[in-house]
Amino acid sequence: MNTTPQPDPRDRPARLAVGVVGAGRVGPVLAASLQLAGHRPVAVSAVSDASRGRAERMLPDVPVVPPAEVLERSELVLLTVPDDALPGLVSGLADTGAVRPGQLLVHTSGRYGAKVLDPALRAGALPLALHPAMTFTGTPVDVQRLAGCSFGVTAPEELRLAAEALVIEMGGEPEWIAEENRPLYHAALALGANHLVTLVAQSLELLRTAGVGAPDRMLGPLLGAALDNALRSGDAALTGPVARGDAGTVSAHVAELRRNAPQTVAGYLAMARATADRALAHGLLKPELAEDLLGVLADGAAGTDDPGETR
């Protein structure tokens, strides 16, 4: 966590005029955080009613204008649009002459590094990739969550200090990611965070089906402990029937899921196989138990019935 004492922004004048292109869940939050650090949001672009409302809540009194006008008014521009829209946006802004020499152009995509900003670089802009490793709601609580949040930082070497300084001003922790490693970095975050939401939502649904009245209350302590153990101990934290090699229990799980929630079977089998592989590799799953377990998983993937079931 960043413990560097930060000057009170009231004790210094605003330094950079900040613009936001794309008022999704991320852009207005980062601009509000930069405002707390002494910068001055001056313009935001928003298309949908939801994004306009978000901009008004997070950046009151900041005018909503077209993207080209955002760049015209700003010294630091946050490009916070979906990944697939970013290359076209950058090319379009550069081709129309909206980009100015010396302008800091920051995107927040996890997938891309600084090279996606090359059209703007050729126009004289200063390209920075600052990706907050955080899930956003688009509300003021996100500003608080940025404290200690890691940012994946990619930029030309001569801009590295500037990029890291902006992250620190937002309360974050800069983590340097090489250009060629950005897709892998982003895949790792998606695997951990995005898929976690899916797994938790499925678990909540199954517990409700099983008659649990407060599945969130049941899962909260369990998942909190599991996450803490995993972060502290890695694969040594593996537990449960797969890591123990309880093939019969896993077989029963697959049969129940196939009857009650067939849409979850493929995910259960994929995660169980990945867990078994890791447990084997780290000596947690005994080889003599692994054969039966892997057989159950293979049968489940093939859609066969549990041998113990009565047809």
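Good morning. The protein chain has 13 helices and seven strands, where helices (H or I, at least four residues) and strands (E, at least two) are DSSP runs numbered from the N terminus. This is a predicted model, in which local features need pLDDT of at least 70 and side-chain atom pairs count only at pLDDT 80 or more, while totals for chains, interfaces and linings use all residues. Residues are numbered from 1 along each chain as its sequence is written, and side-chain values use heavy atoms, with hydrogens and water left out.

I begin with the overall dimensions. The C-alpha trace of the protein chain spans about 75 × 40 × 40 Å along its principal axes. Of the 311 residues in the protein chain, 40% are buried; buried means under 20% relative accessible area, exposed over 50%, and partly exposed in between, with a 1.4 Å probe and protein chains only. Contact means heavy atoms within 4.5 Å. Among contacts in the protein chain with a separation of 6 or more, 62% join residues 24 or more positions apart.

I turn now to the interior. A nonpolar core is a set of buried Ala, Val, Leu, Ile, Met, Phe, Trp, Tyr and Cys residues joined through side-chain atoms within 4.5 Å. The largest such core has 32 residues, of which L78, L128, L130 and F151 touch the most other members. Several elements supply at least two residues each to this core, including strand 1 (17-21), helix 2 (49-58), strand 5 (126-132) and helix 7 (160-169). Helix 1 gives the largest share, five residues. Apart from this core lies another, of 21 residues, among them V77, V90, L105 and A125.

What does L130 touch, if residues up to four places away in sequence are not counted? The partners of L130 include V106, H107 and T108, then F151, G152 and V153, and also A163, L166 and V167.

Helix 1 deserves a separate remark. Eight of the ten residues of helix 1 are buried, and the helix is mostly covered. Those buried residues are G27, P28, V29, L30, A31, A32, S33 and L34. After helix 1 comes G38, with a positive phi near 110°.

Finally, I consider a residue in a loop. D61 lies between helix 2 and helix 3 (67-73). The phi of D61 is near 75°, a positive value in a residue other than glycine. Is D61 buried or exposed? D61 counts as exposed because its relative accessibility is 81%.

Thank you for your attention.
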